Amino acid sequence: MELSSREVWTVIHGLVLGTLFLLAFAGGLAGLWSLKPGLMTTAGIKERMGRLYVGVWVMAAAAWGAVITGTWIVYPWYRVNLSTVGEDAYAGCANAILPNATCSPRDFLKSDVSGATSEWHAFGMEWKEHVTWAAPILATAAAFLVVYYGPRLIARPWLRAAVIVMFVGAFAAAVVGGAFGAFLNKVAPIV
Amino acid sequence: MITDFKPGMYDDVGVAPELAGLDLAEKPDGPAAAAMISAGIGILFLGIFTTGAVISSGLKSFLLWWEWGQGVGPLAGKATVATIIWLVSWLVLWLLWRNKDVVLKTAFYIGLGMGLVGALFTFPLFFDIFHT
């Protein structure tokens, strides 16, 4: 059992940081949702808020880690042009059934040598690589608001709802990245 | 929309009596408004750079410069410059509003509007309209 360094980085990017993000989101959302008047004692609020602060900042940190490793480490391996020979942009992908040493994942998808795959890049990757950067921005802003107001969010339902909207917005952006990342790594894995 | 911070605007303990034992300090809403609006600005610029790189080869070249030879392509500039704009706008708004009260609903809807437009601009079916 071994993993190449590229496989290790794709695991860190998608599985480790992605899972951490999802766990922190679930806990954070549950915590935010329950910040309603009359549900907790003073002691309960103190205990709950400490956990919520950790959760929202872990989610933000995981989002930053995922987009930075994804963009600066994994993405160059995905998009490198290996297949061009002379005038033929995808000569290196001829007869390929998966990306290989002469056919990067992007080359492989765009070449359509193994079925109708080009839309995976043109739609899936193009959307994922851009919109996912909204996740850490929104997660960080939401974390700041949670820590800034703290227990006062209990008394301000509208503000709490606004924070939840930002929190869920971060999750939605990350879902696009995570879902297309999983599909793309299935159709055209980083090798 | 923007006024000097005056403690006592909210009756938090009246709404949630369980807060009374926590002895919470009142804080102005300006820093929160800064966070909401700057997040919208960051996402809006992320979208502007995404669609803008399709329309303008000059902008695309500028964004490509930020990859530092790492093979990331124009995404490096889109992400990095949008992040810098977000952080700078947050800092500027925070400095301006740190001791002010700002109407949070207005700030939230401004941020939300910019964020939605930015998200639309990152959507391939939208920016592909501008491909030649």
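This short talk covers the interface between two chains and then a few single residues.

Keep in mind that what you see is a predicted model.

Let's start with the interface. How many residues of chain A are in contact with chain B? The count is 42 residues of chain A, which are in contact with 49 residues of chain B. The area buried between chain A and chain B is about 4000 Å². Carbon and sulfur atoms give 73% of that area.

Three salt bridges are found across the interface of chain A and chain B. Look for A:Arg156 and B:Asp12, whose side chains meet in a salt bridge, N to O, at 2.9 Å.

Which elements of chain A give two or more residues to the side that touches chain B? They are helices H2 (42–79), H4 (118–131), H5 (134–149) and H6 (157–187) of chain A. The largest share comes from H5(A), with ten residues. Next, sort the side of chain A that touches chain B by class. It has 30 nonpolar, five polar and seven charged residues.

On to single residues. Take A:Ser111 in helix H3 of chain A, residues 105–111. Is A:Ser111 buried or exposed? Its relative accessible area is 15%, and buried means under 20%, so A:Ser111 is buried. The side chain of A:Ser111 reaches the backbone oxygen of A:Phe108 at 2.8 Å. Leaving out residues up to four places away in sequence, A:Ser111 touches A:Tyr90 and A:Cys93.

A:Asp112 is partly exposed, at 35% relative accessible area. Check its backbone, too. Most residues other than glycine have a negative phi. A:Asp112 is not a glycine, yet its phi is positive, about 60 degrees.

Chain B has a case to set beside it. B:Asp23 has a positive phi near 50 degrees, and this residue is not glycine either. Find B:Asp23 in the loop between helix H1 (12–15) and helix H2 (30–55) of chain B. B:Asp23 counts as exposed, because its relative accessibility is 70% and the cut-off is over 50%.

Last stop, B:Leu112. This residue is in helix H5 of chain B, residues 104–121. B:Leu112 is partly exposed, with a relative accessible area of 31%. B:Thr51 is 61 residues away along the chain, and the two C-alpha atoms are separated by 19 Å.

Notes: Residues numbered from 1 in each chain as written. Chains lettered and ligands numbered in written order. Predicted model: local features only at pLDDT ≥ 70, side-chain atom pairs only at ≥ 80, totals over all residues. Heavy atoms only, no water. Contact = heavy atoms within 4.5 Å. Buried area = accessible area lost by both parts, 1.4 Å probe. Salt bridge = Lys/Arg side-chain N within 4 Å of Asp/Glu carboxyl O. Helix = DSSP H or I, 4+ residues; strand = E, 2+ residues; numbered from the N terminus. Nonpolar A, V, L, I, M, F, W, Y, C, P; charged D, E, K, R; others polar. Buried < 20%, exposed > 50% of the residue type's maximum accessible area, 1.4 Å probe, protein only. Polar contact = N/O pair within 3.5 Å; in protein donor to acceptor, adjacent residues only side chain to side chain.
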